[in-house]
Amino acid sequence: MVDVGGKSPTLRTARARGRVLMDRETFDLVRQDRIKKGNVLTVAQIAGIQGAKSCSQLIPLCHPLSLTKVAVDLALVSDSGRAAAAAAPSHAVEIEAHVSCEGKTGVEMEALAAVSAAALAVFDMCKAAGKGMVIDDIRVVEKTGGKSGTWRAPCQPGGAAAPPPQTLKVEE
């Protein structure tokens, strides 16, 4: 792990987002709270909180942190702004996590772990209803605190979509 012993504690925050895309039938079952395993959004919210709290146990070189806040919000969004391909789902569970602590290192990994765990819980809860779900677009959208200060992702809701990642070609 990186030595953070010489750093001064500051308020650290991070927000991360992601989503689970699904077909209309699965989306309707979630919206109507008719998934057989139970309430998808409540279980996913709890899974997200547990994910943030367990981050250092999952990521080998991640520092254990004393978190002061973990909030996980989920929303059902229809026609969530994706470029429409003929078979692309346009229904999603959108997830946002906000994590904070007073510490010597950032909480970006905890926010990402929260969103990831929540997305996995949605997938697990709904997999019997819809096999074609896609966990998508998990990313940090903001972080504050520390030496580098505040950072916000250049693409915010309502903005232009970021370009797809480039494939690197290795030539021998």
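A pocket, as used here, is an open set of grid points with protein on both sides within 12 Å along at least five of seven lines, and its lining residues have an atom within 4 Å of a point. The model on screen is predicted.

**Stop 1: the second largest pocket.** Select Met1, Val2, Val4, Lys7, Leu61, Cys62, His63, Leu65, Thr105, Gly106, Met109 and Glu110, which line the second largest pocket. The space inside this pocket comes to about 160 Å³. Sorted by class, its lining holds seven nonpolar, three polar and two charged residues.

Stop 2: Next, select residues 10-22, which form strand 1. Strand 3 (91-103) pairs with strand 1 in the antiparallel sense, over 13 bridges. To see one of these pairs, pick Arg19 and its bridge partner in strand 3, Glu94. Strand 1 also pairs with strand 4, residues 134-144, again in the antiparallel sense, over eight bridges. Here, pick Leu21 together with Val134, its bridge partner in strand 4.

**Stop 3: Ser100.** Stay on strand 3 and select Ser100. Is this residue buried or exposed? Ser100 has a relative accessible area of 7%, so it counts as buried, the cut-off being under 20%. Show what surrounds it: beyond four places in sequence, Ser100 touches Leu11, Arg12, Thr13, Leu67, Thr68, Lys69 and Val107.

**Stop 4: the largest nonpolar core.** In soluble globular proteins, nonpolar side chains tend to be buried together. The largest nonpolar core here has 29 residues; select Met22, Ile95, Val122 and Cys126, the members that touch the most others. Strand 1, helix 1 (24-31), helix 2 (40-53), strand 2 (67-78), strand 3 and helix 4 (108-126) each supply at least two residues of this core. Which element gives the largest share? Helix 4 does, with nine residues.

Now centre on Cys126. Setting aside residues up to four places away in sequence, Cys126 touches Thr26, Val30, Ile35, Val40 and Met133.

**Stop 5: Val115.** Move along helix 4 to Val115. With a relative accessible area of 0%, Val115 is buried. Apart from neighbours within four places in sequence, its contacts are Ala16, Arg17, Gly18, Ile95, Glu96, Ala97 and Ile138. Finish by drawing a distance from the C-alpha atom of Val115 to that of Ala44: these residues are 71 residues apart along the chain, and the two atoms are separated by 9.1 Å.

Technical notes:
Residues numbered from 1 in each chain as written. Predicted model: local features only at pLDDT ≥ 70, side-chain atom pairs only at ≥ 80, totals over all residues. Heavy atoms only, no water. Core = buried A, V, L, I, M, F, W, Y, C linked by side-chain atoms within 4.5 Å. Buried < 20%, exposed > 50% of the residue type's maximum accessible area, 1.4 Å probe, protein only. Helix = DSSP H or I, 4+ residues; strand = E, 2+ residues; numbered from the N terminus. Contact = heavy atoms within 4.5 Å. Pairing = 2+ DSSP bridges. 1 Å grid on protein atoms, 1.4 Å probe; cavity = no way out; pocket = protein on both sides within 12 Å on 5 of 7 lines; lining within 4 Å. Points joined across faces, edges and corners; volume = space filled by probe spheres on them. Nonpolar A, V, L, I, M, F, W, Y, C, P; charged D, E, K, R; others polar.
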